[in-house]
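Reader: I have a structure to get through this afternoon. Can we go over it piece by piece?

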Amino acid sequence: MSDTRAITLTVNGEPRQAMVDVRTTLVDVLRDQLRLTGTHVGCEHGVCGACTVLVDGEPVRGCLMLAVQADGRGVETVESLAPDPAHLNPLQAEFVRHHGVQCGFCTAGILMSLTAALRDNPRPTEGEIRETLAGHLCRCTGYQGMVDAVLALAGR
Amino acid sequence: MTPPASRTPEGGYIGAPIPRREDARLLTGRGTFVDDLEMPGVVHAAMVRSPHAHARVRRIDAQWARALPGVLAVVTASEVDDIQKPWPARMPSPVPGTTVRHGVRHTLPRDKIRHAGEVIAAVVAESRALAEDARDLVEVEYELLPVVATPAAALAPGAPLVYEELGDNVAAHIVQRVGNPERAFAAAPHTLRETFRVMRGGGHSMEGRGVVARYDEALDAFTVWDATQMPHAIRAMLAYLFELPEHRVRVIAPPDVGGGLGPKGSFYPEEALVCWLARHLRRPVKWIEDRLEHFVSAAQEREQIHTVEIAFTAEGTLLALRDVFTHDIGMYGALVSPVITACTVPGPYRIPNIHSEVWAAYTNLQPTGAVRGAGRPQGVLVMERMMDRMAETLGLDPAEVRARNLIPADAFPYPVGLWFRDGAPLTYDSGNYPELLRRALERADYTRARQEQVTLRARGVHRGIGVAICVEGVGLGPFEGAVLRLDARGRVVVTSGAPPQGQGYQTAFAQIAADAVGVRFEDIDVVTGDTGAIPYGIGSFASRVTANAGPAILQAGGTLREKILAVGGHMLEAAPADLEIVDGAVRVRGLPDRGVPLAQVARLGNGGVAFGMVMPGGLSVGLEASAYFTPSQAGYSASAHVCILDVDAETGEVTIVRYVIGHDCGNVINPLIVEGQILGGVAHGLSNALYEEAMYDEQGQSLASSFLDYPLPSAREMPRIEMFHLTTPSPINPLGVKGAGEAGTLPVTAAIAGAVEDALRPFGVRVNRMPLNPARISDLIHGR
């Protein structure tokens, strides 16, 4: 029922190899084979955004991209943002300060979308921040803490 | 390095907005959710679910599924017969004289299927994908039965029966009365009668349900990691089904659970099946709910139809209330939500005569339980809609009508006259509703907003203003416990039963414990949700944990402090009264160089003298203290919401211009966390008001089982919320706390419904049904 391929990815700067079923999604390979469990699966139909990772710098739903489609490409996950919990990057630190996290399940995807957006536009307005976050669902926070965290980071 | 946690001006941690200690691991991808657990040898389960809402199973043919390489087991009801015991009834009604009728449920359906999505078999394979392949190969032959998909259909004469043995579909009939409502209605100068409908909705935590079970043959014991709100209740059910003593079933909610919101507060067949399969296969078995499964099998709530009447004077004083409603229980559920609804309707108002009547009906829809708010939002909607209608009838301002009926600040404790869900009289412990409303209106600049509305309306802008106030029963018992101990590192370990679902217990509990023991916030560790770590617990729901676990931590912390000082006093040859705990050491007050580190105190105090030696000075062993706090009744928080919005009459779209919240949950342990809870609750309420609707056809088939058909609001739809706190401490616990976990959700549907009706008053629109999505608003405007 399945067909297997060898793929090579650069994940968080390191070359990684995996044997994957052609039907396996990128997020399943990251989580199950590479054991990068910081990225979560929330809906498996591309709406909630929890599984968002960056592929060649662009936000991608890890549940909608097949692992074989990521062959030869560069993937960034939440684990790349800080070396350890004691050394948060500035975006993560603002999330703590503004209570942008509650259960934390959706957080990884949100951080990755914001990371990509902030590379393009380091000083987003509230409207632009909300537009970026609109690709994500969070049931805990009402988003306000996240918005305030990014506003603070943007110096607004 | 993280700087030390901030303290309040008085020097304590309770009340300080300390950033959460949970955040760093979650932000760096190092949280531990159930699906993240490293579990060598784990195999994966998938569930075979009925596509039909009401059917008998004629035949299950699993031979093709079993033949698939990588498949380890396919089990149906006959294989798991040893755990096919009748499930215990979930909850009695707290109201004396109530009729409650329990349909008996089993782990897998014995006689027939009662909802689309019900589990009828389970498959285990080496991967989830293989398990799903095999699931699709299981052939099931059904004999279809007629379906009841609404409470109205269920209660109609001659309706098909969800449980034949009951003779009809009535799950409960609960009547409560205060005063003499018939006489009050007969004599009243004004009465109004309306019907309101609230839809079903789901919890939709971003993490679904999930369970991993491991069976240890040598010990005949299970270890179960479960994304649950109530590990101790899960343990009780598993111990019952597997006929094991509770100490051989350890249920652990992982340190991180990805939101609960109610549905994770039920026991489900999957929890029993995964354990059975782990024992059968002698391998760890994992099942992770996918989103479709959450849509069709996780508990839902909210479907109610209310017929409500009020009687009032020409001045707008309420004389009587009569509320008769149906509540959709689904094929299985608890009476929690309808009982809470009935008790939430009277809200902050003085109502001398009440007739409240609930008809809870079984239907062929999936089970119900609590969803954030748990019956309360419906009650608030009903009462607040009627207050708006009374204002309209009398030509009065809706805020003024409310103010005229509020329970005055000097009337507490205030007995409403009903029985609350906790089995105690519905008696409000404390509050100041007039001040809460006054400040909310002031903050929203209400008078000016009304003037602006007139100007805008003249320009064709459909501006509306909605006001909603509510009282919220929180902090329900019967108890939560805490065990505190000083460990060998000199750190205080706090253990409590209820597992956090994102509410930040590791932070809030540490704040309470640090103040109680008198040590630094940084010197506290918090363990939650593990039945192996604390014998008893209830769980995370009903906005109850701070008001139950908090006082338990406070009390146990005080006892632990006394024990630490007794041992320290022996070591320092000083009276305990002369000692203090500073910077991780017990010291003689005024003599900073005469001290002993807490780690050394722990070594002696926990029996660390050489074997055979006696404890010196008659000291007892064990720097440990436990306490179980049992509140005498629920506490009652309150909220006042003011919503200002515009409706686009062309598209039916709602744009929220301002949203102001006044909230009173008594004393606050951590304002950052409390405000976060309220903001999240508002998002859930706004979603109920404008977007979410769990629709079913007459065959009980879900018509909204993806986030495309069942939209949740994103950051673009959420307005900025303005919030202030009023603090009336609760007298029923020593911390003076109430609860805030669900608070934000409650008045939102009412405030938005009021504002939309107000905005569309030129069209004569009546908002009697939620949600107010663009299609429904368009229908209202065009009289459809």
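Reader: How are α10(B) and α11(B) oriented to each other?

Author: This is a predicted model. The axes of α10 (residues 376–394) and α11 (residues 398–405) of chain B cross at roughly 110° and come within 8 Å. Angles from 65 to 115 degrees count as roughly perpendicular, so α10(B) and α11(B) are roughly perpendicular to each other. The crossing of α10(B) past α11(B) is right-handed.

Reader: Which residues of α10(B) and α11(B) meet?

Author: From α10(B) there are M387(B), D388(B), M390(B) and A391(B), and they meet P398(B), V401(B) and R402(B) of α11(B). Sorted by class, this contact has five nonpolar residues, two charged and no polar ones.

Reader: And where is L396(B)?

Author: L396(B) sits in the loop between α10 and α11 of chain B. Outside the four places on either side in sequence, its contacts are G316(B), A391(B) and V401(B).

Reader: OK, another helix pair. At what angle do α14 and α15 of chain B cross?

Author: At roughly 35°, with the axes of α14 (residues 505–517) and α15 (residues 545–572) of chain B coming within 8 Å. The crossing of α14(B) and α15(B) is right-handed.

Reader: Which residues do α14(B) and α15(B) bring to that?

Author: The α14(B) residues include Y505(B), F509(B) and I512(B), and those of α15(B) include V545(B), I553(B) and L560(B). By class, the contact of α14(B) with α15(B) has twelve nonpolar residues, four polar and one charged.

Reader: What about E44(A), what is its phi?

Author: About 60°, so positive, and E44(A) is not a glycine either. E44(A) is in the loop between α1 (26–33) and β3 of chain A. E44(A) is buried, with 21 other C-beta atoms within 10 Å.

Reader: Which residue does a cis peptide bond join to P413(B)?

Author: F412(B), with omega at about -5°. P413(B) is in the loop between α11 and β18 (414–419) of chain B. The peptide bond from G477(B) to P478(B) is cis too, with omega near 5°. P478(B) is found in the loop between β20 (462–474) and β21 (480–486) of chain B. Most peptide bonds are trans.

Reader: Domains next. What is chain B divided into?

Author: Domain 1 (34–145 + 209–257 + 263–297), domain 2 (376–474 + 634–781) and domain 3 (477–629). The C-alpha centres of domain 2 and domain 3 of chain B lie 41 Å apart. Their contact takes 17 residues from domain 2 of chain B and 16 residues from domain 3 of chain B.

Reader: And how far apart are the C-alpha centres of domain 1 and domain 2 of chain A?

Author: They lie 21 Å apart. Domain 1 of chain A covers 4–80 and domain 2 of chain A covers 90–153. In their contact, 17 residues of domain 1 of chain A meet twelve residues of domain 2 of chain A. On the domain 1 side, β3 (52–55) and β4 (58–61) of chain A each supply at least two residues. The largest share of that side, three residues, comes from β3(A).

Terms used:
Residues numbered from 1 in each chain as written. Chains lettered and ligands numbered in written order. Predicted model: local features only at pLDDT ≥ 70, side-chain atom pairs only at ≥ 80, totals over all residues. Domains from an automatic or database assignment. Contact = placed C-beta atoms within 7 Å. Axes fitted to C-alpha atoms, helices over the stretch in contact; angles between N-to-C directions. Helix = DSSP H or I, 4+ residues; strand = E, 2+ residues; numbered from the N terminus. Parallel < 35°, antiparallel > 145°, perpendicular 65-115°, else oblique. Left-handed = near helix turned anticlockwise from the far one by under 90°. Nonpolar A, V, L, I, M, F, W, Y, C, P; charged D, E, K, R; others polar. Buried ≥ 20, exposed ≤ 12 C-beta atoms within 10 Å, placed from the backbone.
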